[in-house]
Every structure is written in structure tokens, then in C-alpha cells.
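Please keep the sequence and the coordinates at hand.

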Amino acid sequence: MEIVSENGLRIDRPLLAVTHLMQLLTYVTGFGGLLVPLVLWLTNKDRVESMDEHGKAILNFQLSLILYVVISIPAILLLGLGIITLICTGILGFVMPIVNAVRASNGESPSYFLTIPFVS
């Protein structure tokens, strides 16, 4: 039995949680953490309730992480502080998708720390 909201969109919290967890593919494949959630968001944003909100949050978070990594590489050579930034980025990139997958499965809005809003 499919649950449909008042606005006609399907309520699919497990799909929202899986979309957040797909970001962890970066740690396995090196590139899937941006690509797979992007495809899930683009194919389901008009069919699943809250997918647009969650997809934009994931995309903004992944783009922010990429920017932080790119900035921290020259910072290693200049100040040595880039190593700390890389470690923090790695920890945030692992923990925040899990936290937001739990939030999505509970029906809550996503909340990513230190995210630059590229897509709104």
C-alpha cells in the first residue's frame, strides 16, 4: 500500500534515508557520493514528498565538502592547517549523512553543518 500526501506526492522515508546514505559511496568508490544522490534527487524530486528539499541539501553538502578539500590542499603547503581541515572534512562527510538519514527516516528536515547554499 502506497502512502500519498495531500499534495499528491508519495511519502517514501526509506528512499530519503537511502539517498542520504548513498553519500558514503565516496569512501568506497571515491566519486559515487555526489553522483548517486544527484541521480536519485533528479529522478524522484517530482514524485516523492520532501525529496527536493533533501536532494538540494545533499548536493549543497557534497559541493561544500569538495570546496573545503580543494581549499585545504594548498593550505597544507602554506600553513599546515590543511591537514586539520582534511581530517574534519572527512569526519563531517562520514557522520552527517548518517545523522541526516536518521532525521529523514523520522520525517524531519535535513540539517548539514557548514554547508554553503549553492543550489536553492
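The questions and answers below concern this predicted model.

Q: How many helices and strands are there in the chain, and in what order do the elements run?
A: The chain holds 4 helices and 0 strands. Read from the N terminus on, the order of the elements is α-α-α-α.

Q: What box do the C-alpha atoms of the chain fill along the principal axes?
A: The chain has 120 residues, and buried residues make up 32% of them. Among contacts with a separation of 6 or more, 62% join residues 24 or more positions apart. Taken along the principal axes, the box filled by the C-alpha atoms is roughly 55 × 25 × 25 Å.

Q: Is valine 28 buried or exposed?
A: Valine 28 is found in the loop between α1 (13-21) and α2 (32-44). Its relative accessibility is 68%, and exposed means over 50%, so valine 28 counts as exposed.

Q: How far apart in space are valine 28 and alanine 57?
A: In sequence, valine 28 and alanine 57 are separated by 29 residues. From C-alpha to C-alpha, the distance between valine 28 and alanine 57 is 21 Å.

Q: Against which helices do the buried residues of α1 pack?
A: The buried residues of α1 are Leu15, Leu16, Ala17, Thr19 and His20. These residues pack against α2, α3 (51-78) and α4 (82-105).

Q: Is serine 64 buried or exposed, and which residues does serine 64 touch?
A: Serine 64 lies in helix α3. Its relative accessibility is 1%, and the cut-off for buried is under 20%, so serine 64 counts as buried. Leaving aside residues up to four places away in sequence, serine 64 touches Leu114, Thr115, Ile116 and Phe118.

Q: Are α3 and α4 roughly parallel or roughly antiparallel to each other?
A: The axes of the two helices, α3 and α4, come within 8 Å and cross at roughly 170°. Angles over 145 degrees count as roughly antiparallel. The relation of α3 to α4 is therefore roughly antiparallel.

Q: How do the residues of the contact of α3 with α4 divide into nonpolar, polar and charged?
A: On the α3 side the contact includes His54, Phe61, Leu65, Tyr68 and Val69. On the α4 side, Ile83, Leu86, Leu92, Met96 and Pro97 are among the residues that make the contact. The residues of this contact divide into 12 nonpolar, 6 polar and no charged.

Q: Which elements give two or more residues to the lining of the largest pocket?
A: The largest pocket has a volume of about 240 Å³. Its lining has 14 residues, of which Thr26, Gln62, Leu65, Ile66 and Val69 lie nearest the centre. The elements that give two or more residues to this lining are α3 and α4.

Q: How many nonpolar, polar and charged residues has the lining of the largest pocket?
A: Leu65 and Val69 belong to this lining, and Leu65 and Val69 also take part in the contact of α3 with α4. By class, the lining of the largest pocket has 7 nonpolar, 7 polar and no charged residues.

Q: How many charged residues has the lining of the second largest pocket?
A: The second largest pocket holds about 150 Å³ of space, and α1 and α3 each supply at least two residues of its lining. Among the lining residues are Asp12, Arg13, Glu49, Glu53 and Glu108. Beside 3 nonpolar and 4 polar residues, the number of charged residues in this lining is 5.

Key: Residues are numbered from 1 along each chain as its sequence is written. This is a predicted model: local features need pLDDT of at least 70, side-chain atom pairs count only at pLDDT 80 or more; totals for chains, interfaces and linings use all residues. Side-chain values use heavy atoms; hydrogens and water are left out. Buried means under 20% relative accessible area, exposed over 50%, partly exposed in between (1.4 Å probe, protein chains only). Contact means heavy atoms within 4.5 Å. Axes are lines fitted to C-alpha atoms, for helices over the stretch in contact, and angles run from 0 to 180 degrees between N-to-C directions. Angles under 35 degrees count as roughly parallel, over 145 as roughly antiparallel, 65 to 115 as roughly perpendicular and the rest as oblique. Ala, Val, Leu, Ile, Met, Phe, Trp, Tyr, Cys and Pro count as nonpolar, Asp, Glu, Lys and Arg as charged, and the others, Gly among them, as polar. On a 1 Å grid over the protein atoms alone, a cavity is a set of points where a 1.4 Å probe fits but cannot get out, and a pocket is an open set with protein on both sides within 12 Å along at least five of seven lines; lining residues have an atom within 4 Å of a point. Grid points are joined across faces, edges and corners, and a volume is the space filled by probe spheres set on the points.
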